[in-house]
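Work through the exercises below with the coordinates open. Each task is followed by a stepwise solution.

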Amino acid sequence: MSQFHYQDGELHAESVKLADIAASVGTPFYCYSTAKLTQNYQNFSDALGGLNARLYYSLKANSNQAVIKTLAGLGAGADVVSVGEMYRALKAGISAGDIVFAGVGKTRDEMAEALKAGIYQFNVESVGELRALNEVAVSLGKRAPVALRINPDVDAKTHAKISTGKSENKFGIDIDHAPEIYAEAARLPGIDVRGLACHIGSQLIDIAPFRHAFQKLADLVKALRGRGLAVERVDLGGGVGITYREEQTISFADYTTAVAETVGNLGLKLEAEPGRAIVGNAGVLVARVINVKEGVSRNFVIVDAAMNDLIRPTLYEAYHQILPLRQPADEAAVTRVDVVGPICETGDQFAEQRPLPPLATGDLIAFGEAGAYGAVMSSTYNTRPLVPEVMVKGDRFEVVRPRQTYDAIIGQDILPSWL
Ligand code: LLP
């Protein structure tokens, strides 16, 4: 969390004291660092520099307009998985020609919208989807630029819920059937088949599965070309992991080498769709301690953020650092506590038996590495308003999504005529 650091005993985002943001917008809130976003994007982009590659930021990780626009300004394209995300990308200034549309279940309406917008590429995940896209394109008098998403049957060695590259997962076209489906795609009048795509999972911290999958893609490219089929592009997906605890993740040097040594020498246009690696450690979630409850067997620190604001700990048993906003004294006694939210579920828990310095009612804490799959996965469960998002740049901060009002939530409901 280098852009999130203690200065004069207070946790800062760049040059802004997080406690000052809390005083201004209340808690909980998400806070993103422009400098960290920029640094992450540039590191990734540099890693693939010289390999004829383009980055398509995966909006699903964090689709706030301020985040997308910051990345667009650095040259990012967008990887979207719904027409809603496509609209977000367009609104933030990414042109349709820089948008890749992925996802296992695109509807015909979504296909039509994306075709009319003129996006760069559809990543197609099944023969049924290919034929449907062909029909929609023909009906609109268009040809859809397509990459076939391949399921390489490689174990990404990540959490089961975010592993996508095994044959038993719902994603992609089985690699053994790919040649015949690619050949069919090349014959369809509404399809302009350009290449292959692959994404084996998220939060990979070992390069070996990537290398294995990329090698399978390279072999497939050669096999297709051997059959006289043109293959111009390969989309490498996202998935590069970040450090949440102290785990060693993939270095950019290893990623570059794996790409270069597999698909790097085939004269391809390469694409990558990173999400978490760009925005994960560029964000924190700040919360306030409501109460400290001494239980019979455990002590609970109850905070005002909950699983509806950050669902990763309970959904994936994910670890997020917890840092008090006021730097603890070196000699502060550390005890093990459960950090929990106020929602009426035992699963509403951020950390179990976490060693933390003393915390009292009113204290502020930050959950680290919350920039990816944080705000975007939040809900209004328990009628809890969506929390504000704040962006920092140097010594400035601005709200980039305000706290939702109760009226906005409840006002969505409509009474039927009989009530
Ligand atoms: N491309 C495709 C086709 C994807 O399915 C994903 C993520 C990405 C790119 C971006 O992957 P990344 O670089 O962020 O790893 N909610 C989960 C993560 C779900 C990832 C889904 N797909 C979490 O909080 O860990």
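**Exercise 1: helix H8**

Asp206 caps the N-terminal end of H8, with a side-chain oxygen 3.1 Å from the backbone nitrogen of Ala208. A polar contact is a pair of N or O atoms within 3.5 Å; within protein, one must be able to donate a hydrogen and the other to accept it, and residues adjacent in sequence count only if both atoms are side-chain atoms. The model is predicted: local features need pLDDT of at least 70, side-chain atom pairs count only at pLDDT 80 or more, and totals for chains, interfaces and linings use all residues. Residues are numbered from 1 along each chain as its sequence is written, and side-chain values use heavy atoms, with hydrogens and water left out.

Task: describe the span of H8, its buried residues and what covers them.

Solution. 
1. Helices (H or I, at least four residues) and strands (E, at least two) are DSSP runs, numbered from the N terminus.
2. H8 covers residues 207-226, 20 residues in total, and reaches 29 Å from first to last C-alpha, close to the 28 Å expected at 1.5 Å a residue. The expected span is 1.5 Å times one less than the number of residues.
3. Buried means under 20% relative accessible area (1.4 Å probe, protein chains only). Among the buried residues of H8 are Phe210, Phe214, Leu217, Val221 and Leu224.
4. The cover over the buried residues of H8 includes strand S9 (144-151), helix H7 (178-187) and strand S11 (191-197).
5. Gly228, with a positive phi near 85°, follows H8.

**Exercise 2: the largest core**

Solution. 
1. A nonpolar core is a set of buried Ala, Val, Leu, Ile, Met, Phe, Trp, Tyr and Cys residues joined through side-chain atoms within 4.5 Å.
2. The largest core has 105 residues; Leu196 is one of those that touch the most other members.
3. H8 supplies the largest share of this core, nine residues.
4. Domain 1 (4-32 + 280-410) and domain 2 (34-279) both contribute, so the core lies between them. The bounds come from an automatic or database domain assignment.

**Exercise 3: strand S4**

Task: is S4 (residues 29-33) enclosed or open, and which strands pair with it?

Solution. 
1. Five of the five residues of S4 are buried, so S4 is largely enclosed by the rest of the structure.
2. Phe29, Cys31 and Ser33 lie on one side, Tyr30 and Tyr32 on the other.
3. Two strands pair if DSSP finds at least two bridges between them. S4 pairs antiparallel with S14 (residues 283-294) over four bridges, and Cys31 has Val284 as its bridge partner.
4. S4 also runs parallel to S20 (residues 389-393), joined by four bridges, with Ser33 opposite Val392.

Conventions:
Buried < 20%, exposed > 50% of the residue type's maximum accessible area, 1.4 Å probe, protein only. Contact = heavy atoms within 4.5 Å.
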